[in-house]
Amino acid sequence: MAQVQPPIIYRPEYEQTELDEQHAIDQLIEVFSGMARTVADHEGHAHRAVHAKGQALLRGWLEVEANLPEELAQGLFAQAGGYETLIRLWSPPAEQLPDNVSTPRAIALKVIGVQGERVAGDDEAHTQDFLMVNGPAFSAPGPAGFVRSAKLLAATTEKMPRTKRVISATLRGTEAALEALGGESGKLKGLGGEPQHHPLGETFFTQVPFLYGPYMAKFSLAPLSPALLALRDQHLASTPEAQREAITEFFSTLDAPAEWELRVQLCRNLERMPIEDASVPWPEQDSPWQTVARLSIPTQTGWDGHASEVQEDSLAFAPWHALAAHRPLGAVNRARRQVMAASREFRSGFNGCPIREPGR
């Protein structure tokens, strides 16, 4: 095995803004705001523009590993210790689709009680958010490439639920055949070809990079406890609430807390591990994943009907709720800052519900 190179220290010139980047971001704001408004007008309630369907809201505990080496002991992970966490499992797109219209699985982790210098412009005081999806790379290199997919998604919002089910079933079959041959298509999964697997058996990835103290890194959340590992590739029933029901059943019958590893992958080769092209997975042979903390979630109610829906309305998860030591990097993250802020503002105004960070 080739020797792993030391992590690269961040320099501002590693981030390069494209000439038409803001135009693409403005288009994304228009597209996703339009999707959110279409759904709100149709349902009488505003949901998130992308991460619409909450599958679970959970409380957990994040324990930072002791005696981490210098390259890993940075920011939130500089010292051993524990933090309360709020976890949201969700699935896109903008409307509350039945789970038999299969889309990617995703998770958001909010670490509460974090101390330290904040990202410039962040008005939150004590949280660090991580948003992850069950795939290592984004569907497009940057905002301009994502505009086309977003417009395709928007064209079907709240218009063709039956057609979406048919398309989803067809794409699932195509994806299954591709995976049987040793391949995988993030684009097919993003368009509705996600296999109907248990979400708690998945490994999740931020897909895009962040500062990691003086370095740069991506984050991942991987199942650790036997109960979670047993769910890998476990098929779900093709029912409208399959994910929510499966997660609720799992957490109501646990004998011991479920555990994940929170891992980082440090940038060690800028050519093979680009900062601006989010569609490129970083090779593990160049930089193996390394565990920096463990997330544990005990037995609890995964989804509590109307109470969870009310809590959903008052919460926001965003990668820019961050310490300066973990500032989001790259074009996709720059776009997310503006697009997600517009979504939060519309959702809060339409529902008449202020969005607040949870207390310590």
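Q: Which residue in the turn of the β6 and β7 hairpin has a positive phi?
A: Two strands pair if DSSP finds at least two bridges between them, and strands themselves are DSSP runs (E, at least two residues), numbered from the N terminus. This is a predicted model, where local features need pLDDT of at least 70, side-chain atom pairs count only at pLDDT 80 or more, and totals for chains, interfaces and linings use all residues. Residues are numbered from 1 along each chain as its sequence is written, and side-chain values use heavy atoms, leaving out hydrogens and water. Strands β6 and β7 have 2 residues between them, and the one with a phi of about 65° is G213.

Q: Which residue of β7 is the bridge partner of Y212?
A: Strand β6 covers residues 210–212 and pairs with β7 in the antiparallel sense over 3 bridges. Within β7, the partner of Y212 is Y215.

Q: How many residues of strand β7 are buried?
A: Buried means under 20% relative accessible area with a 1.4 Å probe, protein chains only. From β7, Y215, A217, F219, L221 and P223 point one way, M216, K218, S220 and A222 the other, and all are buried. For residues 215–223, the count is 9 of 9.

Methods:
Buried < 20%, exposed > 50% of the residue type's maximum accessible area, 1.4 Å probe, protein only. Helix = DSSP H or I, 4+ residues; strand = E, 2+ residues; numbered from the N terminus.
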